[in-house]
Every structure is written in structure tokens, then in C-alpha cells.
Amino acid sequence: MLVAADPADHAAGFAAVAPMAAHESTADIRYLAVRPRHWGGGVARQLMQALPGLLAAGGFAHGELDVYLDNPRAIKLYEGHGWRPYGDALPHPRSGRLEQRYRLDL
């Protein structure tokens with residue numbers, strides 16, 4: 001778990017990370033979130049800048065995450081930090097919204 005704190009030392013955002021069961025050298029970014037009051041304040045950018053170093057220090061060779069294709073802000077953020085589409089977009093099993101897997105080689 002990577003947590004970004006605001007100046008009052010409260011959680012402003014976080015990234016939940018776990019090794020992928022089938023590929024232990026790949027970190028799965030399971031969730032990345034920012035508190036609404038911190039939207040637009042650069043918290044997600046800070047998390048994305050910190051992730052590669054932390055993943056590499058943890059022994060991972062790759063990072064992967066999923067993003068809904070109808071979330072252009074997230075896609076722009078991820079691509080701006082070097083993450084690239086990996087595989088085909090697939091419908092989410094519960095919502096049916098299209099999701100794209102993204103990958104970062106460390």
C-alpha cells in the first residue's frame with residue numbers, strides 16, 4: 001500500500017499493490033484512488049511517480065493495472081507516466097464497461 005498524505009498528515013490518496021498470483025515478478029496495481037477534495041491537486045501524479053521505484057525496490061519487473069476506457073483522465077495520467085496498453089480491452093465482468101490492461105516495464 002502506497003499512501004499520499006496531505007499537509008495535515010491525512011491520507012489524500014493511495015495505491016493498493018499486490019503480486020500477481022500467476023506472475024510473481026509482476027505487481028498488480030489493484031486500486032488507485034484520490035479523495036475528492038484532493039482531485040486536481042497532483043496527488044495521483046505523485047503516486048504514479050513514486051510507484052516505479054517502489055515496485056522495482058520490491059523486486060518486481062513489471063507493473064500492471066486496469067482502467068475503464070471511459071475514464072480519459074486516468075488514461076492520460078497513466079500514459080503520461082509511461083504505462084502502455086497491454087492486450088485487448090475487455091468488458092468488466094460486473095459492470096460491462098470496457099477495461100484496458102496497462103503495463104509498465106521497470
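**Tyrosine 68.** I began with the neighbours of tyrosine 68: leaving out residues up to four places away in sequence, it touches Ile75, His92, Ser95, Arg97, Leu98 and Glu99, where contact means heavy atoms within 4.5 Å. Tyrosine 68 lies in strand S4; strands (E, at least two residues) and helices (H or I, at least four) are DSSP runs, numbered from the N terminus. I then asked how accessible tyrosine 68 is, and it counts as partly exposed because its relative accessibility is 21%. The scale I used calls a residue buried under 20% relative accessible area, exposed over 50% and partly exposed in between, with a 1.4 Å probe and protein chains only. I also checked proline 19, which is 49 residues from tyrosine 68 along the chain: their C-alpha atoms are separated by 21 Å.

**Ground rules.** I am working with a predicted model, in which local features need pLDDT of at least 70 and side-chain atom pairs count only at pLDDT 80 or more, while totals for chains, interfaces and linings use all residues. Residues are numbered from 1 along each chain as its sequence is written, and side-chain values use heavy atoms, with hydrogens and water left out.

**The fold.** I noted 2 helices and 7 strands in the protein chain, running β-β-β-α-β-α-β-β-β from the N terminus on. The C-alpha trace spans about 40 × 30 × 25 Å along its principal axes. Of the 106 residues, 39% are buried. Among contacts between residues at least 6 apart in sequence, 49% join residues at least 24 apart.

**The largest pocket.** I looked next at the largest pocket, which holds about 940 Å³ of space. A pocket here is an open set of points on a 1 Å grid over the protein atoms alone, where a 1.4 Å probe fits, with protein on both sides within 12 Å along at least five of seven lines; lining residues have an atom within 4 Å of a point. Its volume is the space filled by probe spheres set on the points, which are joined across faces, edges and corners.

Which residues lie nearest its centre? I found Leu32, Asn71, Ala74, Leu77 and Tyr78 there, out of 29 lining residues. The elements giving two or more residues to the lining are strand S3 (26-34), helix H1 (43-57), strand S4 (62-68), helix H2 (72-80) and strand S7 (98-105). S3 gives the most, with 7 residues.
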